[in-house]
Amino acid sequence: MNLQVNQRIPLKIKRMGINGEGIGFYQKTLVFVPGALKGEEIYCQVTSVKRNFVEARLLKINKESKFRVKPSCDIYQACGGCQIMHLRYDKQLDFKQDLLQQALKKFKPAGYEDYLIHPTIGMDQPSHYRAKLQFQTRSFKGQVKAGLYAENSHRLIGITDCYVQDKETQKVINRIADLLTKHRIPIYNERKEQGIRTVMVRRARQSGQVQVIFVTSCQVNLTKLIEEVTKQFPAIVTVALNWNRQKSSDIYGEKTEILWGKQAIEEAVLDYEFSLSPRAFYQLNPQQTEVLYGEAVKALDITGNEDLIDAYCGVGTIGFAFAKKVKSVRGMDIIPEAIEDAKANAKRMGLTNTHYEAGKAEDIIPQWYRDGYRADALVVDPPRTGLDEKLLKTILEYKPAKMVYVSCNVSTLARDLVELTKVYKVEYIQSVDMFPHTARTEAVVKLSRK
């Protein structure tokens, strides 16, 4: 490889990569260029040289893609939270279908060349869809700003008007930043200052209720701030404090306490309602969650006599979509608060055929089988890291007749399918665009035992 840092080269972009970057070849060397689109002819500058590829910065577009559009966000390039806003939306959906195909080609699960991959289901209005924000806080000359770190850095980009964020949650965080400044609340920095690290704001689409979590590394007095922000925003019904003293990238610590208001907010999806405590996981895009869960129900194709396991159940949301249609639903999650929410939600809904336990699926499922429980169907909705290796072995050992895998990471999905296809056949994959303008997609995989 003869390329060097700062060298400027012409390049034709052949395809787009898993992070939304353009990919081309220069003298047989793979070159990754963020911001470039497939089919474009560009001029770029090498920023880093790796063993098998180089990374480069886009300098000039000599031949522009006809699908390039002007991003609708003023801080799009600085922020880095979105990666493909410069690509026309219908082509974003095509790209996300291609993401699946790229991942499958890389990991090569059995029969992947013949998988049926349906076109990505997008949004009619792909803006202001994120109902939850987690903004970092930093103090700049006494003024508190809330936002996201610039890509590959710890340099905070203050965000006051995010194109993909729910407008009400944006207003709340803007006001909170002002009040943190006004009341001189200690703000965390990585050198010595202890205080507020992160603020989470979530709004329920169905009820409009808002909850706020302050993540702190030390004792803080938020009494006056809470009084003012709740008076200005009556939709706020919960304010919580989470303690995180660790010097790690983890957003939350283990201890969360309610400072003001209710224990949870009320949300709804499909035909049922449920409660969300501050730490409980729920999808960021409530509108597309309706679509995603609807596709999961369709894929499982239940008859009504199934005993169903909902692994990574959270507050029970996916399992509830099936609860009135099957014999039983059992779920587990490693977050105890989520399990308590799941139990309370099931009780409120009058469900008598559900059972929830806190713990790891790979530990709990074998115990259930030893106790005589047999699952005919399985739903998994793991984090971005994919299925735990022990859980994969557990699934392959007990082999429920049918399975639905809901994935938020095409790479770990393709990796897990290598193992799952030893026992299961992939009937189809349906991608759902939960995160417009980003290089991420969600997928529902229908699997049946061979």
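View 1. Leu116 is found in the loop that joins α2 (89-107) to β6 (117-121); helices (H or I, at least four residues) and strands (E, at least two) are DSSP runs, numbered from the N terminus. The model is predicted, so local features need pLDDT of at least 70 and side-chain atom pairs count only at pLDDT 80 or more, while totals for chains, interfaces and linings use all residues. Residues are numbered from 1 along each chain as its sequence is written, and side-chain values use heavy atoms, with hydrogens and water left out. Leu116 counts as partly exposed because its relative accessibility is 44%; buried means under 20% relative accessible area, exposed over 50%, and partly exposed in between (1.4 Å probe, protein chains only). Not counting residues up to four places away in sequence, Leu116 touches Glu427, Tyr428 and Ile429, where contact means heavy atoms within 4.5 Å. Although Leu116 and Tyr428 are 312 residues apart along the chain, their C-alpha atoms are separated by 4.7 Å.

View 2. Strand β5 (residues 53-63) pairs with β3 (residues 29-33) in the parallel sense over three bridges; two strands pair if DSSP finds at least two bridges between them. Leu30 has Phe53 in β5 as its bridge partner. With β4 (residues 41-49), β5 pairs in the antiparallel sense over eight bridges, and three residues lie between β4 and β5 in the hairpin that they form. Here the bridge partner of Ile42 is Ile61 in β5.

**View 3. The open sheet of seven strands.** The strand order is β9-β8-β7-β10-β11-β12-β13, with mixed pairing. At the edges are β9 (156-158) and β13 (255-261), each of which pairs on one side only. On average, neighbouring strands of this sheet are turned by 35° against each other, direction ignored. Within the sheet, β10 (residues 196-203) and β11 (residues 210-216) pair in the antiparallel sense over seven bridges, and Arg202 stands opposite Gln211 in β11.

View 4. Helix α4 (residues 223-232) lies across β11, β12 and β13, and runs at about 150° to β12.

Conventions: Axes fitted to C-alpha atoms, helices over the stretch in contact; angles between N-to-C directions.
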